[in-house]
Amino acid sequence: MTLTLAIITGSTRPGRKGPAVAQWVAEVARGQSGLSVTGIDLADMELPLLDEPKHPAMKDYQHEHTKRWSKAIEAADAFVFVTPEYDFFAPAALVNAIQCLSQEWKYKAAGVVSYGGISGGLRSSQVLRGLLGNMGVMAVPQSVPLPMFANHIDDKGVFNGNEKMVEGLTLMLDETAKWAKALKTIRA
């Protein structure tokens, strides 16, 4: 069974480093068997702050940006959220994007890769995992914090994770795939 894994870049700030980290996650994920990997950059989705007139649970979207976002999330079996930590929290753009939808998230699995300074974005990861659980997503316990991540970005802007980072990411991807396979049967 091939699973569609969407890697979501959760920062939209100018000068952000999330795309470099997401590219590294995608490269590692493409090495896993049974995964079809796609990338979703929130900056490209152009989602305003909760602008749909009806509750997302109704899935009656009026705006093209929400319809496009819904279609992208609906198509995925599992997710990896790539998130920085802003003020001890997940980015507002990422929280908003998750809350824009409802039904599309249910019975899917997710992992979180967080990046930052000494904590590697762990506080962002914990907040995000709680929100995902409330949306009906099985957020796997294994997360991948990338402390002092900027030290792993070369002069070409490429993130190069070390052996332990790759090992942690591989474990998280394996766990996410296990849950995604089981949850796919519930959605069938």
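Trp69, Phe79, Phe81 and Trp105 form one aromatic cluster in this predicted model. Rings of Phe, Tyr and Trp (for Trp, the six-membered ring) are paired if their centres lie within 6.5 Å, and planes under 30 degrees apart count as stacked, over 60 as edge-to-face and the rest as tilted.

| Pair | Centre to centre | Angle between planes | Geometry |
|---|---|---|---|
| Phe79 and Trp105 | 5.1 Å | 65 degrees | edge-to-face |
| Phe81 and Trp105 | 6.0 Å | 40 degrees | tilted |

Phe79 belongs to strand S3 (residues 78–84) and Trp105 to the loop between H4 and strand S4 (108–116), so their pair ties together parts that are 26 residues apart in sequence. Phe81 also lies in strand S3, so its pair with Trp105 ties together parts that are 24 residues apart in sequence. Helices (H or I, at least four residues) and strands (E, at least two) are DSSP runs, numbered from the N terminus. Phe79 and Trp105 are both buried, and Phe81 is buried as well, where buried means under 20% relative accessible area, exposed over 50% and partly exposed in between (1.4 Å probe, protein chains only).

Helix H4 (residues 92–99) and helix H5 (residues 122–134) have axes that come within 11 Å and cross at roughly 10 degrees, the axes being lines fitted to C-alpha atoms over the stretch in contact and the angles running from 0 to 180 degrees between N-to-C directions. That crossing makes H4 roughly parallel to H5, as angles under 35 degrees count as roughly parallel, over 145 as roughly antiparallel, 65 to 115 as roughly perpendicular and the rest as oblique. Leu94, Val95, Ile98 and Gln99 of H4 make the contact with Leu128, Leu131 and Leu132 of H5, contact meaning heavy atoms within 4.5 Å.

Two residues other than glycine have a positive phi. Asp87, with phi near 55 degrees, is found in the loop between S3 and H4 and is exposed, with a relative accessible area of 73%. Met148, with phi near 50 degrees, lies in the loop between strand S6 (144–147) and helix H6 (163–187) and counts as partly exposed at 41% relative accessibility.

Residues are numbered from 1 along each chain as its sequence is written, and side-chain values use heavy atoms, with hydrogens and water left out. Local features need pLDDT of at least 70 and side-chain atom pairs count only at pLDDT 80 or more, whereas totals for chains, interfaces and linings use all residues.
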